[in-house]
Each structure stands twice: as structure tokens, then as C-alpha cells.
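Here is a short tour of one structure, written to be read with the coordinates open beside you. Take a look, and then let us walk through it together.

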Amino acid sequence: MSRDSQTRTEAPPTPSNVLLTASREGDHESAACSRLLGASRDRPRHVLGVTYGTAPSRWHAQVVGETAGSVADSAVISVGDLTRAAASGSDPDAGPPGVPSVRTIGEPTDLVGLGLELEDQLTAWEGSDAEAVVCLDSVTDLLAHVDAESARRFLNRLTEVVAASGARAHYHFDPANHDDRTVAAVRSVFETELDLREDGVGGPDGV
């Protein structure tokens, strides 16, 4: 698949998986994330965030807080040592104030455990009238802990799970942090990419 066919300024009506390409120094990423999570939609949503190094309560306030209104339920899978401190002395499934559920993956290299937690949460929401939407923040952080091929296999499996469950997901990625081979490996997983580094690219219509 050519690079031109992957990067689109206008996403298809209901893409299951979107690679959100942006510089971490830019200021458009947060707005695009909110829109991809359905901030402009009236349909009730279940929102799932996967975060690296960000406290679940902070991610929830910054991201879910921006999309509030039709959020039926939300959950965070927090990856890294930060989660151990946040969960100490409490039920690991009991989130901080305002966060209904927090699942923790203490070891960032545990892709099997992360995949199972993601699949379990999506399964828990099956049968609901609400739409499930997922934010993985970020692929760049994931690649700080595993090699490109392991990340590619994990993302390939995850995109299949998301599509099969009827959910939608987007994946934050900053290519400037990686070599060309790694960038190509990540892009090979996705048919839809929203590149915020291109002039004139706003939010994905219809997403």
C-alpha cells in the first residue's frame, strides 16, 4: 500500500482504527483526540483510554472531560510503574474519583497482558447500545519498551479485536521519534491515517 493511500485528510465514514500522526510539540492533537472519541456525536459512548506515564485521573479529566455529555461509561488501562503507586492500598479495579474503572499493567513490556485487558474491557461493554471508543496514547511510548516488530504484531492483533467488537480506536504516534523502518512497520498496520502535521488538516469528518 502506498504512502499516499494511507494518509488521508478525510477519513471514511466509520473507520475502525485510525493512526493519529502528530508532533508532540503541536497543539492540534488534543482536539483531534476528542473528536475521534466522539465529542461531536450524540450517541452514548463507552470510552477506554490506554495511557503510559499519565495518572488515570489526569488522563480522564483531560480527555474524557472534554468529551463528556454522552459518555455512558469510561475506563483507563494505565501502563507502567506509575499505576502501582496509584493503585496501592485499594481495589485495582476501583478508579480514582471520576474514573469508574482502572486496569493496571505494571510492566510496559507485557503486551499479552495489555491485550487481554483491552479485550476484556471491550467484551464487558458488548451488548450495550453505547458505542465503544478507544484511545491508545501512545504508540511512541509503546515503542520505548518493545521493538518495532513486537509492536507491529501487537497493533495488528489489537486492530483486529477492535474491528471484530464493533468498536472504534485511534492510536497516537509521533514519527519524528523513530527511524524510517519503525515508522513503516507501524503504518503498515493501518489503512486510515490522520496526519496532523500536514497543513490544512483538521478533524476527520464523519468520525
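## An enclosed strand

Strand E2 (residues 45–52) is largely enclosed by the rest of the structure, because 8 of its 8 residues are buried. Buried here means under 20% relative accessible area, with exposed set at over 50% and partly exposed in between (1.4 Å probe, protein chains only). Strands (E, at least two residues) and helices (H or I, at least four) are DSSP runs, numbered from the N terminus.

In a regular strand, side chains alternate between the two faces of the sheet. In E2, Arg45, Val47, Gly49 and Thr51 point one way, while His46, Leu48, Val50 and Tyr52 point the other way, and all are buried.

## How the model was read

This is a predicted model, in which local features need pLDDT of at least 70 and side-chain atom pairs count only at pLDDT 80 or more, while totals for chains, interfaces and linings use all residues. Residues are numbered from 1 along each chain as its sequence is written, and side-chain values use heavy atoms, leaving out hydrogens and water.

## Partners of E2

Two strands pair if DSSP finds at least two bridges between them. E2 runs parallel to strand E3 (residues 71–79), joined by 8 bridges, and Arg45 stands opposite Val71 there.

With strand E5 (residues 131–137), E2 pairs in the parallel sense over 7 bridges. Here Arg45 has Glu131 as its bridge partner.

## Backbone details to look for

The peptide bond from Asp137 to Ser138 is cis, with omega near 15 degrees. Ser138 lies in the loop between E5 and helix H6 (139–142).

Helix H2 (residues 29–36) has Glu29, Ala32, Cys33, Ser34 and Leu36 as its buried residues. Just after H2, Gly38 takes a positive phi of about 95 degrees.
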